[in-house]
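Reader: Could you take me through this chain, setting each label against its definition?
Author: Gladly; here it is.

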Amino acid sequence: MIHAQGLTLPAQEARPRLRAVQDPAQDFQLALRYFAGEGVKQDQAKGLEYLKLAAEGGHLEAQFNLGNYHNLFTGDQREAVRWWRLAGVREHAEALYNLGQLIDARPELAEKSESANDLIERAAKLGSAQAKSSLLEREAARLALVAPKP
């Protein structure tokens, strides 16, 4: 115990460590380092922990990547939609594209005002090459359906 001016503080190891300042950008960088094993021992669990911290702290790329993580590795598509929607509100083109693709495959995940095509169009307008390609494919398929038969 440490005594100072009549106050008694618990020993250092007994006190909880508090994170004074949240830094989502730093958390995202740590997540990438742990996932890749760059400068630290590779640790997927720690990478995911820091990715969640960054996403919850509002880091745009972390939100997009956490959506990807849930879609690809946990199969929790509702969580993927949640994170892509958050990133999409902030105009993340690839998040909007992924969200549109998933909603196209699973319409029950859409909110009332959401349409897969609208999301993919927004992504294309924001510069997503995948979204532009998808729109061209959709248009070609639509034209093939309405083209006169010889």
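Reader: What makes R78 count as exposed?
Author: R78 has 53% relative accessibility, and exposed means over 50% relative accessible area, buried under 20% and partly exposed in between, with a 1.4 Å probe and protein chains only. R78 is therefore exposed. This is a predicted model, in which local features need pLDDT of at least 70, side-chain atom pairs count only at pLDDT 80 or more, and totals for chains, interfaces and linings use all residues. Residues are numbered from 1 along each chain as its sequence is written, and side-chain values use heavy atoms, leaving out hydrogens and water.

Reader: Where does R78 sit, and which residues does R78 touch?
Author: R78 lies in helix α4; helices are DSSP runs of H or I with at least four residues, strands are runs of E with at least two, and both are numbered from the N terminus. Leaving aside residues up to four places away in sequence, R78 touches R106 and L109, where contact means heavy atoms within 4.5 Å.

Reader: Why is α3 called roughly antiparallel to α4?
Author: Helix α3 (residues 60-74) and helix α4 (residues 77-89) pack at about 160 degrees, their axes 7 Å apart. Angles over 145 degrees count as roughly antiparallel, under 35 as roughly parallel, 65 to 115 as roughly perpendicular and the rest as oblique. The angle of about 160 degrees therefore makes α3 roughly antiparallel to α4. By class, this contact has eight nonpolar, six polar and one charged residues. Here Ala, Val, Leu, Ile, Met, Phe, Trp, Tyr, Cys and Pro are nonpolar, Asp, Glu, Lys and Arg are charged, and the others, Gly among them, are polar.

Reader: How many residues does the largest nonpolar core have, and which have the most contacts inside it?
Author: The largest nonpolar core has 18 residues, and W84, L99 and A131 have the most contacts inside it. A nonpolar core is a set of buried Ala, Val, Leu, Ile, Met, Phe, Trp, Tyr and Cys residues joined through side-chain atoms within 4.5 Å. At least two residues come from each of α4, α5 (93-105) and α6 (116-125), and α5 gives the largest share, six residues. A second, separate core has nine residues, including A54, A55, A62 and W83. In soluble globular proteins, nonpolar side chains tend to be buried together.

Reader: Why is E91 called partly exposed?
Author: E91 has a relative accessible area of 43%, which falls between the limits for buried and exposed, so E91 is partly exposed. E91 is in the loop between α4 and α5. E91 also has a positive phi of about 70 degrees although it is not a glycine. Most residues other than glycine have a negative phi.

Reader: Which elements does the chain have, overall?
Author: The chain has seven helices and two strands, running β-β-α-α-α-α-α-α-α from the N terminus on. Buried residues make up 30% of its 150 residues.

Notes:
Axes are lines fitted to C-alpha atoms, for helices over the stretch in contact, and angles run from 0 to 180 degrees between N-to-C directions.
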